[in-house]
Amino acid sequence: MKSLKISATVKAVATVLVLTIVAGSALAASSPTPTPAAAPATPSAAKRAPASAEATVATVNGTPITRTVFEYYVKTTTGKNLSDLPPEARAQLLDNLIRGEVLSQQGIKDGLDKSQDVASQIVLMRVQVLGEAEAASYLKDKPPTDEQVHAEYNAQIAMIPKTQYHARHILVPSQDAAQQIIDQLKGGASFEELAKSKSTDSTKDQGGDLGWFAANTMVQPFATAVMALKKGETTQTPVQTPFGWHVIQLLDTRDEAPPPFDSVKQRVQQLVQQKKVRAYQEDLMKTAVVKKTL
C-alpha cells in the first residue's frame, strides 16, 4: 500500500540532497557567479561592471556576459566543455543566455529585485553557492579512507532491519467497522474477500496484500502490530493509524540480507564525506557569534 509505507526515497532525501551538493560543489566553486540558467532573474547580472582583463562573448544593453560565465553555463547545462560543442550548439546556448539576461534586466527595471521573495531567494542562493564551495574546498584533501568507509558500512548495516514481513490488511474508517470485520473473520469469513468488499485502501483488489516490507517502512503503530504477530495470525483488536483503522494478517516472514559492500561503496563514501562536512560545520559553530531573535 503506497500511502501507508514511508518511502525509502523520502527517508533518503536529506542525505541525497547533501551528497549532491558536495558532489557538485567543486564545479560550483570554479565560478564566482551562480549559473544564469538556474536564476535568470538575478539582478546581479545587470549590475556587473565590465572586467577589463576578461574576454566577453556578448553584451546586453552594455552589460557584458563573460566567457567564464558562458563556459560555466554550457558545462552545467550540457555536461560538456564549450570546445566540445559544434558551432550551432554554442550559438543556441549563447542565445539562451542572452535571453535570460534580457529577462533579468527587465525584472530589475520592473523593480522585482526589491520584492521580498526575490531578494530572499538571492540571499539564499548566495548562502547555498558559497556553502557548497566551502564544503568542496574542505573535502578536497580529505578523501575517505578504506577504514572509514568500512566502519560506516558496518554502522549502517547494523541499523538495517534483519526481517521482512509479508502481510495484508483491511482499512476502514471506524473502530466499530474494524471490530465487525474481526468478528466475521473469527466466524470463518475469508480475509481476502472481506478486503475486496470492505477495505478503503488501494490494495483492496489484491485482497489487501501489502507484499514484502521492512517494519521501519510502515507507520506506527501498524509496524508494532505486525511485528507482534506470528505467521498466519490476525490482529484481535483494531489498529489505528492516521489513515484509519486496520485489521492486519501476517502471512510470512523472511530474513533480509544486507547489500554487499561493493554495491554500496560509493554511497557509503559519500556518507562519510557528508559527516565530515557536518563535523566541520559544528566546529565553525563553536566560534560563530550567533544571536537568535525569533
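Two strands are taken to pair if DSSP finds at least two bridges between them; helices (H or I, at least four residues) and strands (E, at least two) are DSSP runs, numbered from the N terminus. The structure is a predicted model, in which local features need pLDDT of at least 70, side-chain atom pairs count only at pLDDT 80 or more, and totals for chains, interfaces and linings use all residues. Residues are numbered from 1 along each chain as its sequence is written, and side-chain values use heavy atoms, with hydrogens and water left out.

Strand S3 is joined to S6 by ten bridges, and the two run antiparallel. In this pairing, glutamine 164 lies opposite arginine 254 of S6. S3 also runs antiparallel to S4, through four bridges, with arginine 168 opposite aspartate 209 of S4. S3 is largely enclosed by the rest of the structure, because nine of its ten residues are buried (under 20% relative accessible area, 1.4 Å probe, protein chains only).

The largest nonpolar core has 15 residues; such a core is a set of buried Ala, Val, Leu, Ile, Met, Phe, Trp, Tyr and Cys residues joined through side-chain atoms within 4.5 Å. Those with the most contacts inside this core include Tyr165, Phe213 and Phe222. Two or more residues each come from S3 (163–172), S4 (209–214), helix H9 (222–228) and S6 (244–255). H9 gives the most, with four residues.

Note on methods
Buried < 20%, exposed > 50% of the residue type's maximum accessible area, 1.4 Å probe, protein only.
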